[in-house]
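Please keep the model open as you read.

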Amino acid sequence: MSPEEAIKNDLERKFDFLNGNITIKRARRIFVDVPFERFHDVLDYMIKKMRCAMLSGITGLDEVENFAAIYHMSPEGKIMVNLKVKISREKPHIKSIMQYFPIAEMYERELEDLLGIHVDGLPEGRRYPLPDGWPKGEHPLRKDWKGAGLEMKLEGADA
Amino acid sequence: MHNTGDVKVPIGPQHPALKEPESFLLTLRGEKITAASVKIGYNHRGIEKACEGRTYIQDLYLIERICGICSHSHSTAFAQAVEEIAGIEIPARAKYIRTIVAELERVHSHLLWLGVAGHEIGFDTLLMYTWRDREVVMDILAQLTGNRVNYGMNTIGGVRRDIKAEQIPQVLKGVDTLEERTKYYIKIAGEEPTLINRLSKVGMLSYEDAIRMGAVGPTARASGVQRDVRKDDPYAAYADIDFKVITHNTCDVYGRTIVRVLELMESFQIIRQLLAKLPEGPISVRAPRKIPVGEAVSRYEAPRGEDLHYVRANGTDKPDRVKVRAPTLANVQAVALMLEDRYLADMPIVVAAIDPCFSCTDRLVSINYVDHNSKNTFEWEKIHRDSIEWYKKRGIDFAKLNKTF
């Protein structure tokens, strides 16, 4: 059994709802679709039992019907496990993973700024990566965002 | 009575000690930093959003301009992701050429860093030496690719320029020169007490913290973390090449210096192996304009560490989503930790030691200027010779200077 299959089997044995939701795309690339409600259970297991000590980034997606976030994680830096969680469009929010990965702070702030996905449990702090005067409710990576009238809304713009 | 309370000092986003816009809020007790926080994002140019409105080929050039120093890193990582989605296997020769440019880029980047590090500790002679030597690798890059920065070497499906047999001896000669110079820098790093004392125990990042904070590249490897995408997740031609992952266990700025100078030596022998084994054959395959539905995660060991690209295609000629996580974003979060309990005067070198990626404004020299009326072509060599002559007429002879080394 390849190490990729071992990870797949391990996850499927532990969480039966993952059956059929794990794809080995190629050597060292695994994609997992995780239900929103069980995301932290899977994450917790992967970190504590599968020793996933490395988070290489979080990709936020706008899939029109819903938002999604992909957590690019790795046990030893070799095989990358991409955990994908769908997030509802009506009330977009997701729990912070900063208690596992302090490095997630910047990635989660990016989710908030660029896609407007509220990250629960993210400590108060300065925004990233948009500038301080950026108007509220403007999230550039949303597919329906066209930036209309943005110049008028920017802080310091002439009324 | 003296005020014994803490003083908050904002540094940046525009500050003489910083080479790029970023801001630090340092809490000082006397000269000691008791708390530090970092704010970045001043260079955000909306490239990810811009990519969604452009074709894959346009994106390749846009992405190459994320950074002037590691431009090839970004364009290769992006091209790899797109090729994976499209199911394109690029020719072996293209993989080798990509890897050769990648290692030459690492050499120029590490030499540049060594100079900046020297400058930050008041050792400007090191800056002058390394940046003069760096011209050797910049010349090689210019000869192979046509540009000093933003090489434009990649295309979806391979590379755009071949390496000609007659270019190889020149590259090898340059690599030999650089290796000799690097041996001298290794000697300096090992023996020069001002350098050793200034850098040791500065900007400490323990092995545990490097893992916890997700540090990458030389920053992580200097804390003993055996992580290198070239070995862990081989791409391009790295699986065919024999090389060592350099680590160090001092966990300080000195360690980061040693890792980078030793990595230079590894890069030289990687380049030699690649040139010796360079396979024959085509340099690119035809890629479709429209990329089928799919997604891919591409990883690349840039000079500063792991560069991650995520691309999602929707069947059109434009991507649905492009996500870039450059290595500095992974490392900058460890900087606050490195600064705590250190002296204010250490701040510039500690920040420089992660080698933050500047949006490099390196000058772009046009190599081939064709005057259509007179049919004159100015080759790179000629421009180079002319500039030396220009200075010679004014009493400055570079040729003589170079001979002493």
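The notes below cover the contact between the chains and then a single glutamate.

## About the model

This is a predicted model, in which local features need pLDDT of at least 70 and side-chain atom pairs count only at pLDDT 80 or more, while totals for chains, interfaces and linings use all residues. Residues are numbered from 1 along each chain as its sequence is written, chains are lettered from A and ligands numbered from 1 in the order written, and side-chain values use heavy atoms, without hydrogens and water.

## Where the chains meet

Chain A brings 41 residues to the contact and chain B brings 34 residues (contact means heavy atoms within 4.5 Å). About 3300 Å² is buried between them, with 51% given by carbon and sulfur atoms; this is the accessible area (1.4 Å probe) lost on putting the two parts together, summed over both. Ile103(A), Met106(A) and Leu141(A) supply 15% of what chain A buries against chain B, more than any other three residues.

There are 10 salt bridges between chain A and chain B (a side-chain nitrogen of Lys or Arg within 4 Å of a carboxyl oxygen of Asp or Glu). One of them joins Glu63(A) to Arg312(B), with the closest N and O atoms 2.8 Å apart.

## A buried glutamate

A polar atom of the Glu64(B) side chain lies 3.1 Å from the backbone nitrogen of Tyr151(B).

How values were computed. Polar contact = N/O pair within 3.5 Å; in protein donor to acceptor, adjacent residues only side chain to side chain.
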